[in-house]
Amino acid sequence: RFQPPSQSLQDHRSVQEVLLDSLDIAGTAEHALRGFRRVALQFPDELLHLASATLRELQTVVQSRRLLSIAEDALPSFFILADTSFDGYQVDFIAAQHIDADLIVHYGPADLEAEGPIETRFVFCSACFPLAQFLEAYASTFSPTERVLVVLGLPWQHAAQSVMDALAASHSGA
């Protein structure tokens, strides 16, 4: 099951830092600044508690970009889609059309076969990967020469290189 970023905080990082990293605030703001006017933010139920903070952070980043000579009236507006009639994996094009959105940002796991009339940006969210615990469990389960395929879910793809490097150092078969 997907673990929301707020449940995987590291002690030395603030909620804001985790939010910025795991929800790709900077990348989403840059995307929205490519001429989009009305941006719908869609969250699955397990991430809905992050919606208002995400909205605030996006507005802050977009406003800071305004200082780089983007006219105030060219800045996008952000809206949170709530009470969607779809499960959290499907893009809600209908709700987005009701607010005349020209971009949907879908957070969390998603049905990637979504096709609709509005451009969609998928933010899969990254979660802290417990590398030390993983390595400990791996070492107690597999022999150092046993060949094992390790596949990380989307929230942990950012840790793939660290996992490969750590396993290569301790398990030649990995």
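Author: Let us begin with Glu-115, whose place is in the loop between strand S3 (103-107) and strand S4 (119-123). This is a predicted model. Glu-115 has a relative accessible area of 74% and is therefore exposed, since the cut-off for that term is over 50%. Together with Asp-87, Asp-111 and Glu-113, Glu-115 forms a negative surface patch.

From this loop we may follow the chain into strand S4, where Arg-121 lies. The side chain of Arg-121 meets that of Asp-24 in a salt bridge, at 2.4 Å from N to O. The count of salt bridges comes to 1. Asp-24 belongs to the loop between helix H1 (15-22) and helix H2 (25-32), so the pair ties together parts that are 97 residues apart in sequence. Asp-24 is partly exposed, with a relative accessible area of 30%, whereas Arg-121 is buried, at 16%.

We now turn to the interior. In soluble globular proteins, nonpolar side chains tend to be buried together. Here the largest nonpolar core has 23 residues. Those that touch the most other members are Val-39, Leu-41, Leu-58, Phe-78, Val-105 and Tyr-107. Helix H2, strand S1 (38-42), helix H3 (51-66) and strand S3 each supply at least two residues of this core. Among these elements, H3 gives the most, with 5 residues.

Terms used:
Residues numbered from 1 in each chain as written. Predicted model: local features only at pLDDT ≥ 70, side-chain atom pairs only at ≥ 80, totals over all residues. Heavy atoms only, no water. Patch = residues over 30% accessible without salt bridge, like charges linked within 9 Å, V, L, I, M, F, W, Y side chains within 5 Å. Areas by Shrake-Rupley, 256 points an atom, 1.4 Å probe, with all protein chains shown as cover. Salt bridge = Lys/Arg side-chain N within 4 Å of Asp/Glu carboxyl O. Lys, Arg positive; Asp, Glu negative; His and termini not counted. Charge placed at Lys NZ, Arg CZ, Asp CG, Glu CD. Helix = DSSP H or I, 4+ residues; strand = E, 2+ residues; numbered from the N terminus. Buried < 20%, exposed > 50% of the residue type's maximum accessible area, 1.4 Å probe, protein only. Core = buried A, V, L, I, M, F, W, Y, C linked by side-chain atoms within 4.5 Å.
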